[in-house]
Amino acid sequence: MAENEESKLKVYFRKFKKLWGDKRYKSIFILLLYFLFFIILFAFLNLNKNVIDTNYKKTINFESYDIYDFSVNISINGYIYDIQGKRYKNKYDFIYGEQQFNLSFEDILKSDFDSNIINLFRYTPDLINNMLENSILVSEKKIIADNTIVKEYSLDIEKYLQILDYSLLSYNLNDKIVITVNELDKEITKVELNLSNFYKNLEENYQEYKITINYSNLNN
């Protein structure tokens, strides 16, 4: 049986060798090989795309969060800024420096607050949602105590700059922005942005730059 199969292979090989010697058939074989190569390539790219897409899907309508209570802290080299308040669509009612403010997003951008505080309000759910959509899921775990799901994402510094529409003169292409998200009952309740790899390019003394945002009373 094995000898018959071997003899068949020899016959097929001789036929193929003969056809390969014919320029017309040789061209057809080459076209077929190119065709197969591109099919495999597109299949691989599509598979890769599907893997990336499934990292962050619209199961949580995070970008629509525009009414919520929030508490935020920014940690810059261990120095902490704390802000608490509520967002009503384009208005923010919050406490900063023991003073209460009720300002629109545009008013905050024009204010004379510390630049770090102003920048904080730029990280709205729709911006963070955009960052997540362009990120890769690194890890996922469930906290048994309260059923919270903690997901960690990695965002290329280059993509992050594109999202912000920001230019840096020089930066390490291998640097990543790390985003940690807490989900509970299909709602995002906490986001931590480790922006250290971005801010170290702006200020030499920015060795740590993290923004942590807690959300509650969503859309109430």
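Which residues do ring pairs link into a cluster with Phe-62? In this predicted model, ring pairs join Phe-62 to Tyr-65, Tyr-68, Phe-70, Tyr-92, Phe-94, Tyr-96, Phe-101, Phe-113, Phe-121 and Tyr-215. Local features need pLDDT of at least 70, side-chain atom pairs count only at pLDDT 80 or more, and totals for chains, interfaces and linings use all residues of the predicted model. Residues are numbered from 1 along each chain as its sequence is written, and side-chain values use heavy atoms, without hydrogens and water.

Phe-62 and Tyr-65 are both buried (under 20% relative accessible area; exposed is over 50%, partly exposed in between; 1.4 Å probe, protein chains only). Tyr-68 and Tyr-215 also pair edge-to-face, at 5.1 Å between centres and 75 degrees between planes. Tyr-68 belongs to strand S1 (residues 67-76) and Tyr-215 to strand S9 (residues 209-216), 147 residues apart. Helices (H or I, at least four residues) and strands (E, at least two) are DSSP runs, numbered from the N terminus. Tyr-68 and Tyr-215 are both buried.

Helix H6 (residues 157-164) has Ile-157, Tyr-160, Leu-161 and Ile-163 as its buried residues. Seen down the axis of H6, these fall within an arc of 160 degrees (directions from the helix axis to the C-beta atoms), so they line one face of the helix. Just after H6, Asp-165 has a positive phi of about 55 degrees.

Notes: Phe/Tyr/Trp six-rings, centres within 6.5 Å; stacked < 30°, edge-to-face > 60°.
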